[in-house]
Amino acid sequence: IDLVRAQAEGDASTAQLARVLGLTGRQVRYYRQAAAFLGLLARRAGHWETTVDGRRLAGADAASARRMLAQAMRACPLVQRAARLAGCRRKPHARLEAVAGFLADCTVLSRCTCLRRARTLLASIDWAGAHESPQG
């Protein structure tokens, strides 16, 4: 949310966003890609821009922005598939392996990277579930 808000203020370099948000350049690139995947940012003519949904999120109060982000995540087919796979398993390790296996099947990522991305995806799914309702 903070990255989308900072990006909405104007075209900022990766280094500028990293400094403002207290992130590394790698993290900024990763979060920008995730925001683009969710339809909140777009890369046009070599620059990052907020989309209509990104501007709406950037202008929202904190609780509404969290709900909007959770809804965008839950609407994403990849997140839906991972959530279904994880939801069929009770043990954390089984959830992780199921989602990592899914990522391995549809990407060329290494097993180690699939496991890292699966951890992030599962944490995001859990976060979205906690923030999707008006009470979250």
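This report walks through some helices, strands and single residues of a predicted model.

Let us begin with helix α3, which runs over residues 25-37. Its 13 residues reach 18 Å from the first C-alpha to the last, close to the 18 Å expected at 1.5 Å a residue. Val-28, Arg-32 and Ala-35 are the buried residues of this helix. They cover an arc of only 65 degrees around the axis, which means that they sit on the same side of α3.

Just after the helix comes Gly-39, with a positive phi of about 85 degrees.

## The loop between α1 and α2

Ala-12 is in the loop between α1 and α2. Is Ala-12 buried or exposed? Its relative accessible area is 15%, so Ala-12 counts as buried. Apart from neighbours within four places in sequence, Ala-12 is in contact with Gln-7, Leu-17 and Arg-32.

For a view across the model, look from Ala-12 to Ala-128. These two residues are 116 residues apart along the chain, and their C-alpha atoms are separated by 27 Å.

Strand β1 holds Ala-42, which is buried at 15% relative accessibility. Setting aside neighbours within four places in sequence, Ala-42 is in contact with His-47, Trp-48, Glu-49 and Thr-51. Ala-42 and Arg-89 are 47 residues apart along the chain, with 35 Å between their C-alpha atoms.

Strand β2 covers residues 47-50 and includes Thr-50. Thr-50 is buried too, with a relative accessible area of 8%. Leaving out residues up to four places away in sequence, Thr-50 touches Val-4, Gln-7, Ala-8, Leu-40, Leu-41 and Arg-55. Gln-7 is a contact of Ala-12 as well.

Between β1 and β2 there is a loop, and Ala-45 is in it. Ala-45 is exposed, with a relative accessible area of 77%. In general, most residues other than glycine have a negative phi.

## Helix α5

Helix α5 spans residues 62-75. It has 14 residues and reaches 20 Å from its first C-alpha to its last, close to the 20 Å expected at 1.5 Å a residue. The buried residues here are Ser-64, Ala-65, Arg-67, Leu-69, Ala-70, Ala-72 and Met-73. Covering them are elements that include α1, α4 (52-59), α6 and α8.

## Helices α6 and α7 together

Packed helices are described by the angle between their axes and the distance between the axes. How do α6 (residues 77-87) and α7 (residues 92-106) cross? Their axes come within 8 Å and cross at roughly 145 degrees, and the crossing is right-handed. On the α6 side, the contact is made by Leu-78, Arg-81, Ala-82, Leu-85 and Ala-86. On the α7 side, Arg-95, Ala-98, Val-99 and Phe-102 take part. These contact residues divide into 7 nonpolar, no polar and 2 charged.

Helix α7 has 15 residues and reaches 22 Å from its first C-alpha to its last, close to the 21 Å expected at 1.5 Å a residue. Its buried residues are Arg-95, Leu-96, Ala-98, Val-99, Ala-100, Phe-102 and Leu-103. They pack against α6 and α8 (111-131).

## Leu-115 in helix α8

Our last stop is Leu-115, a residue of helix α8. Leu-115 counts as buried at 15% relative accessibility. Which residues does Leu-115 contact, leaving aside its neighbours within four places in sequence? They are Leu-96, Glu-97 and Ala-100. Two of these names, Leu-96 and Ala-100, are also listed as buried residues of α7.

Leu-115 can also be placed relative to Met-73. The two are 42 residues apart in sequence and 19 Å apart in space, C-alpha to C-alpha. Met-73 is one of the buried residues of α5.

Note on methods:
Residues are numbered from 1 along each chain as its sequence is written. This is a predicted model: local features need pLDDT of at least 70, side-chain atom pairs count only at pLDDT 80 or more; totals for chains, interfaces and linings use all residues. Side-chain values use heavy atoms; hydrogens and water are left out. Helices (H or I, at least four residues) and strands (E, at least two) are DSSP runs, numbered from the N terminus. Buried means under 20% relative accessible area, exposed over 50%, partly exposed in between (1.4 Å probe, protein chains only). Contact means heavy atoms within 4.5 Å. Axes are lines fitted to C-alpha atoms, for helices over the stretch in contact, and angles run from 0 to 180 degrees between N-to-C directions. A crossing is left-handed if the near helix is turned anticlockwise from the far one by less than a right angle, and right-handed if clockwise. Ala, Val, Leu, Ile, Met, Phe, Trp, Tyr, Cys and Pro count as nonpolar, Asp, Glu, Lys and Arg as charged, and the others, Gly among them, as polar. The expected span of a helix is 1.5 Å times one less than its number of residues. The arc is that of the directions from the helix axis to the C-beta atoms.
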